[in-house]
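Good morning. I will go through one model today, starting with its pockets and ending with a few backbone details.

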Amino acid sequence: MNERQFQEALQEKGIFLNESQMDQFDRYYQTLVDWNERMNLTAITKKEDVYLKHFYDSISVSFYKNFEEELSIVDVGAGAGFPSLPLKICFPQLHVTIVDSLKKRITFLHALAEELQLKGVSFYHSRAEEFANKKEHREQYDIAVSRAVARLPVLAELCLPLVKKHGQFIAMKGAGAEDELHNSTKAFQLLGGHVINKHDFILPIEESERSVIIVEKQKLTPKKFPRKAGTPNKEPLL
């Protein structure tokens with residue numbers, strides 16, 4: 001997907017990027033590739049692939065959820081900033097918080113935000129389990145989003161504690177999402193979440209499967225969750 005195809009594909013979805021926003025995506029790509037030579041941020045470096053598999057794929061969540069409002073979003077395990085920073089470029093009014101356990105990725109994100117002149121973004125070097133137990137972050141966000149970084153029951157335990165009551169946890173998944181969803185029933189019940197929508201679509205050009213799972217937080221999460229660092233992944237709530 002080249003830059004023109006990227007812009008036109010988003011226009012078809014009602015997202016119109018101006019010249020400044022297109023320039024931000026270009027600088028995002030250049031910064032990503034430059035830093036990737038010094039640290040492992042992504043295995044995807046070809047420009048057409050980055051625009052499709054990182055930028056367009058990240059923004060695809062907005063096809064099923066309205067991001068036009070002034071929402072607070074926390075992105076758990078964003079890596080090189082996906083999906084929250086492409087969303088921030090498209091919807092500048094969003095307040096974005098990224099938490100990641102690797103210091104070098106946080107260093108990159110700070111440099112990237114400065115290069116793109118992004119306002120209303122915050123980056124935290126922390127384990128997600130520890131971050132969610134901090135009073136200033138627990139149940140403070142309208143939306144928690146995560147893109148394929150762990151199995152759904154694990155993501156639910158890391159993300160739902162961060163979401164306000166009546167807020168949403170949105171998981172972006174590839175093939176196999178239905179099985180993960182089936183195995184997440186207990187986790188959602190324990191954590192106060194309820195699945196309200198699952199949207200399946202095909203990523204253009206590559207034609208690979210994608211799913212956007214939207215979970216509404218209907219009850220406050222018990223204080224014992226998330227469990228100590230490493231436990232959710234080793235012993236998921238199945």
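**Pockets, helix pairs and backbone**

The largest pocket holds about 350 Å³ of space. This is a predicted model, so bear the thresholds in mind: local features need pLDDT of at least 70, side-chain atom pairs count only at pLDDT 80 or more, and totals for chains, interfaces and linings use all residues. Residues are numbered from 1 along each chain as its sequence is written, and side-chain values use heavy atoms, with hydrogens and water left out.

On terms: on a 1 Å grid over the protein atoms alone, a pocket is an open set of points where a 1.4 Å probe fits, with protein on both sides within 12 Å along at least five of seven lines, and lining residues have an atom within 4 Å of a point. Grid points are joined across faces, edges and corners, and a volume is the space filled by probe spheres set on the points.

What lines the largest pocket? There are 18 lining residues, and Gly77, Ser101, Ala128, Val149 and Leu158 lie nearest the centre. At least two residues each come from β2 (95-100), α6 (128-131), α7 (152-159) and α10 (231-234); α7 gives the most, with 3 residues. Helices (H or I, at least four residues) and strands (E, at least two) are DSSP runs, numbered from the N terminus. By class, this lining has 9 nonpolar, 5 polar and 4 charged residues. Here Ala, Val, Leu, Ile, Met, Phe, Trp, Tyr, Cys and Pro count as nonpolar, Asp, Glu, Lys and Arg as charged, and the others, Gly among them, as polar.

The second largest pocket has about 300 Å³ of space. Its lining has 24 residues, with His54, Phe82, Arg147, Ala148 and Val149 closest to the centre. Two or more residues come from each of α3 (47-59), β5 (163-173) and β7 (208-217), and β7 has the largest share, 3 residues. The classes in the lining of the second largest pocket are 11 nonpolar, 8 polar and 5 charged.

Next, α3 and its helix partners. Helix α2 (residues 19-36) packs on α3 at an angle of about 120°, with the axes 11 Å apart. Axes are lines fitted to C-alpha atoms, for helices over the stretch in contact, and angles run from 0 to 180 degrees between N-to-C directions. The pair α2 and α3 is therefore oblique; angles under 35 degrees count as roughly parallel, over 145 as roughly antiparallel, 65 to 115 as roughly perpendicular and the rest as oblique. Contact means heavy atoms within 4.5 Å. On the α2 side the contact includes Phe25, Tyr28 and Tyr29, and on the α3 side it includes Val50, Tyr51 and Phe55. That contact comprises 8 nonpolar, 1 polar and 2 charged residues.

Helix α1 (residues 3-12) meets α3 at an angle of about 20°, with axes 10 Å apart. That makes α1 roughly parallel to α3. Glu3, Phe6, Ala9 and Leu10 of α1 touch Lys47, Tyr51, Phe55, Tyr56 and Ile59 of α3. The contact of α1 with α3 has 7 nonpolar, no polar and 2 charged residues.

Last, the backbone. Phe82 and Pro83 are joined by a cis peptide bond, omega about 10°, and Pro83 sits in the loop between β1 (72-76) and α4 (84-90). Phe225 and Pro226 are also joined by a cis peptide bond, omega about 0°, with Pro226 in the loop between β7 and α10. Gln117 is not a glycine but has a positive phi of about 55°.
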